[in-house]
Amino acid sequence: MANFFTSRLFFISLVCVVVAATLPLYVSGYILGLLTVAFYFGVFAMAWDLLFGFAGEVNFGPTFLIGTGAYTAGILNNQFGWSVYVCILLGALASVVAGFVLALPALRVRGPYFGLTTLVAVLMLQNFVVVFADLTGGEIGLTIPDVITINAGANYWIALGFMTISAAILYGLSQSPVGLVLQASGQDPVQAGALGFNIVKHKLAAFIVSAFFSGLSGALLVFYFGTASVGTVVDVAVGVNVIVSAVLGGRRTVLGAALGAIFLIVAGEFLRPTGELATFIVSAVALLVVLFFPGGFLGAALSREARS
Amino acid sequence: MLALQILIDGFAISALYALGATGFTLIFGVSGVLNLSHGAIMVAAAVAAWAAASVLHLDIYSGALFGVGVALIMAFATYFAVVKPIQNSRRIPNEEKEIFVLTGTLLWGIMIQELIAYFFTNNAKTVLPIVEGVVDIFGNRTPRNNIFTALVCCLVIGLLWLLVNRTRTGKAVLAASMNPRGVTLLGLELTQIYIVVWGIYGILAGIAGVLLGMFLGVSSYSVGPLTASAFSIVVLGGLGSVSGSLIAAFVVGYLETITAYMISPAYRTIPALLLLVFVMYIRPQGLLGRR
C-alpha cells in the first residue's frame, strides 16, 4: 500500500480528480448533468467488478442490488416523507439485505447457473414493481418529492466526491490481503479453502460491500433524477450497460470500471445525432474491445507500463 | 372446456419453446457456449421472412425458406466472428472464456437487434401464416396455424433425433458432447463438428423464429425475452440435455398458459420464474442435467 502513494497510477488519478473538480467553473450545466449520471454509473460498475473480477461471481443482475436500493429510498421518501439522508441510508441497507439474498445461491451454484439466478432476481424485481404499482408507481415510475439540491454544480460535486471515495475504498479493498484472498477463492475455491481461508465469509463480505455501494449509488441517483423507474434502475438493459462498462474499462482493475462507465455514457451522448444507430455503434466498439483488447482500457495501459 | 382449451393452446407454445431451446442446448452440450444472441437470431429469421414477403414479394414458402437461410448465415457469422476468436484467443485466460463468450454474444445480439430496429423499425411484424382458417376441436375453435406450428415443431425435433442418433455425423456430434478429447483422439476434427452444430443450430433457430413470427408476431423488443426464456428453459431442463429441455419447455409453456387463463395474462411469467428459483435451490443441475 505504501508504494501506491508514490506510483504513477495514484498521480494520474489525483490529477484526473482535481481537473474534474474544477469543471463546474467553466462547462455548461448540460455536460455536468451528463457526468453526474456517469459518475453514479461508475460506482455501479466498480461494485460489479468487485464481485466479478475478484470474487469470480458472474452477476447478471447488478440492477437487482441497484434497484432495491433505489426503490427502497424512493418509496420511503414518497410514502412517509422521511428526510433524504435517512432514506438514502435505509436504501443502502435494503440493498445489503438484497446482497445477502443473492449470496445464498452463489454459495451453492456456480457459473452459468448463478448467472441465471441473478437474472431471475432482476426479472422478479421488475415484476414486483409492475404488480405493486400502487406502491412503486408501476411502469410510469415513482415520483420523489424531495431532492438533495437543484444546483447542477453541487450535484456534480456530490457525485464526483461519492465516486472518488467509493473508488478509494473499493480499490483499497481489492489491493488489500482480503482482495487477494477473494481473488484466490474466485479462481480456485478448493485450493484457497485448503490454504485455510474461509471462502464463505470472504465471498459474503464481497457481496455485502458490492451491494452497499450499488444501493447507495442507486439511492443517490433517484434523488438526483427525482424519479425512479424500471427503465433507469431495474431493467436488464441497465445491468448490461454496467457489465459492458466494467469489461470495457478492464475487469479486475476496479478503477477501469469507472472509466468504462464514463466512456459508455459520454459516447452514447455524443453519438445521439446518429439516432437509433448510437447503441449499435457503442455495442460494436465494445465488442471489438472485448475481442482484441480483452484486458480493457486500463488493462492494456497497465500491461504496457509493466512491460516498459 | 377450459381445460381442453389450455391443453391445445399450451401445446403449440410449448412445442415452439422446445424447438427454440433445442438448438441452444445442443451448442452448449457440444462446445460449452451459451449463445446470448439467440433471441436476436430468431427475430432476424422472422423479420427476414416478413421482409421477403412484403418487400421482395416472394411467396409464403420462399419467404419462410429465406428466413431460415438468414438465420443459418447469422449462426455461422456468430461462430466465426465472435465465438471462435474468443475461444482461440491466447490473451484471454481459459477460466474466463465463458464470461467473454457471454459478453461477446450479448453485444453481438444487441448489434443485430439495433440493426433490425434501424432498418425495419420497432413495430411488431407478423409473418403471413402458411395455413389459414380455424378448425373446431370438440367445440374449441382453434386456428389451423396452431396445429401446423405444433406439427412442424414435433417433426423437426423428430428429424433432429434421427440425425443425432442414426447418422455418422450425428453420432460424432453426440460423442463430442460427451468427451471432446476422445473425439479428437479418434481422428475427428473438432472444429468441423462445431461448424455442423452451429449449422444445425441456425436451421433450428430459423424455423423456430419464422414459426414464432407466424404464431405471435415479433419485434426487436422480443429479443431479450426470447433469449431469457430459452436460457431459463435450458437451465431448468439441465444444461446440455436435449430431452431435459424438451420436458422443461412443456412445463414452462403450460405453466404460462395456465397462469394466463386462470389468473391474469399480466402474471404470465411469474410462476415459471418461481419454479426456476425453486429448482435451482433443490436441484442446481436442472431436471435431467449431469454434473
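What is the mean pLDDT of chain B, and what share of its residues reach 70 or more? The mean is 86, and 99% of the residues of chain B reach 70 or more, pLDDT being the predictor's confidence in each residue, from 0 to 100. This is a predicted model, in which local features need pLDDT of at least 70 and side-chain atom pairs count only at pLDDT 80 or more, while totals for chains, interfaces and linings use all residues. Residues are numbered from 1 along each chain as its sequence is written, and chains are lettered from A and ligands numbered from 1 in the order in which they are written. For the complex, the predictor gives an ipTM of 0.83 and a pTM of 0.85.

**Chain A: overall fold**

- Chain A contains 15 helices and 2 strands; helices (H or I, at least four residues) and strands (E, at least two) are DSSP runs, numbered from the N terminus.
- The radius of gyration of chain A is 19 Å, close to the 19 Å that the globule rule gives for 308 residues, so chain A is as compact as a globular protein of that length. The radius is taken over C-alpha atoms, and the globule rule is 2.2 Å times the number of residues to the power 0.38.
- The C-alpha trace of chain A spans about 50 × 45 × 40 Å along its principal axes.
- Buried residues amount to 51% of the 308 residues of chain A. A residue is buried if 20 or more other C-beta atoms lie within 10 Å of its own, exposed if 12 or fewer, and partly exposed in between, with C-beta atoms placed from the backbone.
- Among contacts in chain A between residues at least 6 apart in sequence, 76% link residues at least 24 apart; two residues are in contact if their C-beta atoms, placed from the backbone, lie within 7 Å.

**Chain B: overall fold**

- Chain B comprises 11 helices and 2 strands, which follow the order α-α-α-α-β-β-α-α-α-α-α-α-α from the N terminus.
- For chain B the radius of gyration is 19 Å, close to the 19 Å given by the globule rule for 291 residues, so this chain is as compact as a globular protein of that length.
- Along its principal axes, the C-alpha trace of chain B extends over about 60 × 50 × 35 Å.
- Of the 291 residues in chain B, 49% are buried.
- Contacts in chain B with a separation of 6 or more are 74% between residues 24 or more positions apart.

**Interface between the chains**

- The interface brings 33 residues of chain B into contact with 31 residues of chain A.
- On the chain B side, helix H3 (60-88), helix H4 (97-120), helix H9 (223-237) and helix H11 (270-282) each supply at least two residues.
- H4(B) gives the most to this side, with 14 residues.
- The residues of chain B that touch chain A divide into 24 nonpolar, 5 polar and 4 charged. Here Ala, Val, Leu, Ile, Met, Phe, Trp, Tyr, Cys and Pro count as nonpolar, Asp, Glu, Lys and Arg as charged, and the others, Gly among them, as polar.

- The largest nonpolar core has 195 residues, of which Leu16(B), Ala44(B), Ala45(B), Ala46(B) and Ala49(B) touch the most other members. Such a core is a set of buried Ala, Val, Leu, Ile, Met, Phe, Trp, Tyr and Cys residues joined through C-beta atoms within 7 Å.
- Helix H2 (residues 29-54) of chain A contributes the largest share of this core, 17 residues.
- Beyond its neighbours within four places in sequence, Leu16(B) is in contact with Thr149(B), Cys153(B), Ala208(B), Leu211(B), Leu212(B) and Phe215(B).
- The 21 residues of helix H10 (residues 242-262) of chain B should span 30 Å at 1.5 Å a residue, which agrees with the 30 Å between its end C-alpha atoms. The expected span is 1.5 Å times one less than the number of residues.
- Buried residues of H10(B) include Val242(B), Leu246(B), Val252(B) and Glu256(B), and their cover includes helix H1 (2-31), H9 and H11 of chain B.

**Individual residues**

- Val254(A), although not a glycine, has a positive phi of about 60 degrees. Val254(A) sits in the loop between helix H12 (236-249) and helix H13 (255-270) of chain A, and is buried, with 28 other C-beta atoms within 10 Å.
- Thr121(B) likewise has a positive phi of about 60 degrees and is not a glycine. Thr121(B) lies in the loop between H4 and strand E1 (134-137) of chain B, and is exposed, with 12 other C-beta atoms within 10 Å.
- Tyr156(A), in helix H7 (residues 152-175) of chain A, is buried, with 24 other C-beta atoms within 10 Å.
- Tyr156(A) and Gly33(A) are 123 residues apart in sequence and 7.1 Å apart in space, C-alpha to C-alpha.
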